[in-house]
Amino acid sequence: MYLHGTSRINARGHLEIGGCDTVELAQRYGTPLYIMDEALIREKMRAFVDAFQDTGLAFRVAYASKAFSTLAMCRIVDEEGLMLDVVSEGELYTALSAGFPAERIYFHGNNKTPQELEFALDEGIYLFVVDNFDELMLLEHIAKEKEKRARIILRITPGVEAYTHKYIQTGKEDSKFGFGLDSGQALEGVRQALECTHLDLMGFHCHIGSQIFETEAFQLTIAKMGQFIKTCYERYGLVTRIFNTGGGFGIRYHKDDAPKEARDYVQAIAEAVRKYLHDLPVLPEIWIEPGRYIVGEAGTTLYTIGAIKEVPGIRKYVSIDGGMSDNLRPALYQAKYEAMLANRAQESATETVTIAGKACEEGDILIWDLKLPQVKQGDILAVNCTGAYNFSMANNYNRVRRPAVLFVKDGQAEVVVERETLQDVIARDRIPARLAPKKASVTVG
Ligand SMILES: *Cc1c(COP(=O)(O)O)cnc(C)c1O
């Protein structure tokens with residue numbers, strides 16, 4: 001397993017993260033357990049900021065909350081001076097509750113509800129990324145009623161799609177997100193936005209995919225958008241102040257993954273901006289909004305190994321005390337992870353096993369064909385790169401309690417999300433009077 005950030009193997013032969021012995025953490029806080037390497041999170045944020053500073057461009061780096069949103073995470077984003085992208089009232093509420101300044105928040109999403117738009121407008125967020133014509137009209141209407149003005153940028157579907165090693169110029173725009181560029185919707189969106197009396201059109205956004213390793217897809221997008229931005233200026237006199245090139249920067253989940261450094265992505269973006277946008281009256285501020293790249297590699301999940309089942313001549317299933325309830329990605333889209341035994345981190349691999357989650361689903365397999373030392377019940381399995389889209393997709397399937405989240409740093413571990421209790425599992429359940437039990441059969445409390 002590749003060791004990210006402050007992860008290392010200590011003198012006891014245990015996996016250590018942020019100066020904390022993970023075997024001790026498992027004993028103290030129980031498993032499954034999410035551990036986040038705070039130093040690595042900050043390092044990733046600074047890598048983007050530093051790289052942009054070196055380009056000399058006006059820029060903003062945002063963090064896409066949906067990858068991992070908690071109060072403590074919002075504090076780090078605030079301390080590091082990044083902007084925050086939210087996609088729901090829940091993420092917005094989390095940020096505001098953490099004291100994150102509204103003027104550094106912006107709102108994404110293809111179907112923001114009227115309540116969400118009102119809430120965000122009342123709180124004075126920096127801007128809205130308007131996704132479609134209906135939202136444009138709705139936001140204009142709400143802003144007018146409230147006698148407010150809202151800053152907006154339009155989400156454009158540029159006809160470029162990227163995913164890991166490949167990108168394609170689709171030409172078609174079959175996406176639920178954004179105004180299509182090639183179909184002319186984008187230009188029509190601009191025309192309508194400029195007619196709105198309570199909306200200020202500041203620029204554009206595009207996001208072309210996730211877990212992207214190559215930089216050409218970003219450059220191609222900037223080339224296409226540069227042309228569009230020029231057309232908007234020539235046709236409508238629109239000065240584009242903000243150009244948000246999205247997120248999607250890839251990370252190293254697996255030994256076959258070969259991501260680039262933050263600096264490589266930023267340099268490629270800056271190069272394309274200078275090449276394709278140089279003849280505009282004003283060079284727009286360039287925004288990016290990574291999620292996964294900032295938190296993905298910082299996360300590790302610990303599990304305790306339980307039942308082991310050998311299917312003779314076929315495979316050995318090693319079951320853990322979590323699975324698709326705390327990491328949905330393998331079941332959802334065959335995501336691949338690496339793992340090691342945290343308590344016997346130095347021992348060499350002698351067998352190949354399949355890590356099975358405890359959910360009642362045959363598809364709940366966390367890792368196929370993982371090489372480990374001879375596994376025993378009670379061993380602690382550490383799966384790394386679980387910082388993005390794990391906690392944020394965690395669920396209570398099988399009424400499993402969601403794990404605690406720890407931040408570790410300089411030998412200190414702090415709980416930033418408590419493990420759910422059994423009371424939490426039933427907290428919102430109600431029994432209609434007619435179904436009331438004669439007497440409770442368990443003592444709850
Ligand atoms: C999901 C998403 C992001 C973040 O993507 P990552 O792959 O986590 O960097 C950024 N912008 C938009 C619009 C998204 O939908």
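Which strand gives the most residues to the lining of the largest pocket? The strand is β14, with 3 residues. The model is predicted: local features need pLDDT of at least 70, side-chain atom pairs count only at pLDDT 80 or more, and totals for chains, interfaces and linings use all residues. Residues are numbered from 1 along each chain as its sequence is written, and side-chain values use heavy atoms, without hydrogens or water.

On a 1 Å grid over the protein atoms alone, a cavity is a set of points where a 1.4 Å probe fits but cannot get out, while a pocket is an open set with protein on both sides within 12 Å along at least five of seven lines; lining residues have an atom within 4 Å of a point. Volume is the space filled by probe spheres set on the points, which are joined across faces, edges and corners. In the lining counts, Ala, Val, Leu, Ile, Met, Phe, Trp, Tyr, Cys and Pro are nonpolar, Asp, Glu, Lys and Arg are charged, and the others, Gly among them, are polar.

| Space | Volume | Lining by class |
|---|---|---|
| Largest pocket | about 1,000 Å³ | 9 nonpolar, 16 polar, 12 charged |
| Second largest pocket | about 630 Å³ | 20 nonpolar, 4 polar, 7 charged |
| Largest cavity | about 60 Å³ | 6 nonpolar, 5 polar, 2 charged |
| Second largest cavity | about 40 Å³ | 8 nonpolar, 1 polar, no charged |

**The largest pocket and the annotated site**

The largest pocket, of about 1,000 Å³, is lined by 37 residues, and Gly 209, Ser 210, Arg 292, Tyr 333 and Tyr 389 are the closest to its centre. At least two lining residues come from each of β10 (160-164), β14 (209-212) and α11 (329-333); helices (H or I, at least four residues) and strands (E, at least two) are DSSP runs numbered from the N terminus. Domain 1 (8-37 + 297-426) and domain 2 (38-295) each provide at least three lining residues, with bounds from an automatic or database domain assignment.

An unreviewed UniProt entry places a "binding site" at Gly 248, Glu 289, Pro 290, Gly 291, Arg 292 and Tyr 389. From this set, Gly 248, Glu 289, Gly 291, Arg 292 and Tyr 389 are in the lining of the largest pocket. UniProt positions follow the numbering used here, feature names are shortened, and annotations may be inferred rather than shown by experiment.

Gly 248 sits in the loop between β15 (242-244) and α9 (262-277). Gly 248 counts as buried because its relative accessibility is 10%, where buried means under 20% relative accessible area, exposed over 50% and partly exposed in between (1.4 Å probe, protein chains only). Beyond its neighbours within four places in sequence, Gly 248 is in contact (heavy atoms within 4.5 Å) with His 207, Gly 209, Ser 210, Gln 211 and Ile 212.

Pro 290 lies in the loop between β16 (285-288) and α10 (292-295) and is buried, at 1% relative accessible area. With neighbours within four places in sequence left aside, the contacts of Pro 290 include Phe 48, Tyr 63 and Gly 247.

**The second largest pocket**

Of the 31 residues lining the second largest pocket, Tyr 337, Glu 338, Ala 339, Ile 367 and Leu 370 lie nearest its centre. Strand β21 gives the most to this lining, with 8 residues.

**The cavities**

A search of the whole structure finds 2 cavities of 30 Å³ or more. The largest cavity has 13 lining residues, with His 4, Ser 7, Glu 297, Thr 300 and Asn 384 the closest to its centre. Residues lining the second largest cavity include Ile 229, Tyr 233 and Thr 240.
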